[in-house]
Amino acid sequence: MARRVVGGVGGSGAGTGSGSGSGSGSGVKAARRAEVRLPVLEPFGGGELEADGDYDGLEFRDVDFAGQNGGGARFMDCALTGCALDETRLHHARLLDSVLTGIRGVGTNLAESTLRDVELVDARLGGVQLHGAVLERVVVRGGKIDYLNLRKAKLKDVVFEGCVLVEPDFGGAVLERVEFVGCVVKGADFSAATLRDVDLRRAAELGFARGVDRLAGAVISPVQLLDLAGVFAAELGVRVEGVG
């Protein structure tokens with residue numbers, strides 16, 4: 001099994017103690033980030049993904065899984081590097097203690113899947129389906145994800161770091177100890193979402209399409225407050241006009 005190093009997120013002096021604060025004085029709890037340490041892996045022997053398949057301690061490198069069905073499969077202590085996942089069906093899959101690097105694809109179906117102790121690095125994905133999924137101790141670092149569907153998902157101890165998220169959909173999702181660090185978030189939808197200890201202060205860019213009324217439980221910076229003043233005013237039905 002992969003060895004995990006768990007602690008508070010760096011930058012801003014995030015603490016690693018009882019989790020009662022991030023160390024910045026805001027009282028927001030830091031995400032508990034896992035760094036996955038993989039064992040020696042065996043190369044994947046080839047062939048198509050199997051529904052309900054069991055993959056343990058394997059390295060998948062530059063494999064084309066486009067259009068294949070791996071629904072219900074379990075990936076444990078695995079590395080997926082440079083793999084193509086266009087229209088790949090991985091609904092109800094379980095990805096545990098694994099690292100996914102440079103994966104790419106459009107329409108990847110990970111609905112109602114479980115991702116636990118996972119690092120997703122430099123992904124290029126579009127329209128990925130993660131609605132109803134459970135993400136725990138997940139780091140999304142670098143890359144770009146367009147139209148990420150996380151509706152009614154559960155995110156706990158998740159960090160989005162240095163990535164670009166275009167129109168991510170968090171509608172009806174539950175986010176607990178989630179951090180956005182140095183990432184660009186465009187047109188986010190938080191409609192009906194529930195937020196607890198969500199730290200948006202270090203996002204490089206932050207934009208909302210819907211759901212700004214659901215941001216209770218999140219923390220933003222003073223600069224972001226000024227940038228979003230017009231969005232908050234519109235939500236409250238306040239018109240902002242100059243005198244004269």
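**Contacts, core and salt bridges of the predicted model**

Apart from neighbours within four places in sequence, Asp169 is in contact with Leu148, Asn149, Leu150, Arg151 and Asp189. The structure described here is a predicted model. Asp169 is located in the loop that runs between strand 13 (164-166) and strand 14 (174-181). With a relative accessible area of 18%, Asp169 is classed as buried, because the cut-off for this class is under 20%.

In the whole structure, 18 salt bridges were found. Among them, Arg141 pairs with Glu161, with the closest N and O atoms 3.0 Å apart. Since Arg141 lies in strand 11 (residues 134-146) and Glu161 in strand 12 (residues 154-161), the pair ties together parts that are 20 residues apart in sequence. Arg141 is partly exposed, with a relative accessible area of 28%. A further salt bridge joins the side chains of Asp146 and Lys144 at 3.9 Å, N to O. Both residues are partly exposed, Asp146 having a relative accessible area of 21% and Lys144 one of 33%.

Nonpolar residues were examined next. In soluble globular proteins, nonpolar side chains tend to be buried together. The largest nonpolar core of the model comprises 58 residues, and Phe60, Leu155, Phe160 and Phe180 have the most contacts inside it. Strand 10 (residues 114-126) gives the most to this core, contributing 5 residues. Beyond its neighbours within four places in sequence, Phe60 is in contact with Phe44, Tyr55, Phe65, Phe75, Cys78, Ala79, Leu80, Thr81 and Cys83.

A nonpolar patch is also found on the surface, where Leu236, Val238 and Val240 together have about 340 Å² of accessible area. Of these residues, Leu236 lies in helix 2 (residues 229-236) and is exposed, at 69% relative accessibility.

Terms used
Residues numbered from 1 in each chain as written. Predicted model: local features only at pLDDT ≥ 70, side-chain atom pairs only at ≥ 80, totals over all residues. Heavy atoms only, no water. Patch = residues over 30% accessible without salt bridge, like charges linked within 9 Å, V, L, I, M, F, W, Y side chains within 5 Å. Areas by Shrake-Rupley, 256 points an atom, 1.4 Å probe, with all protein chains shown as cover. Salt bridge = Lys/Arg side-chain N within 4 Å of Asp/Glu carboxyl O. Helix = DSSP H or I, 4+ residues; strand = E, 2+ residues; numbered from the N terminus. Buried < 20%, exposed > 50% of the residue type's maximum accessible area, 1.4 Å probe, protein only. Core = buried A, V, L, I, M, F, W, Y, C linked by side-chain atoms within 4.5 Å. Contact = heavy atoms within 4.5 Å.
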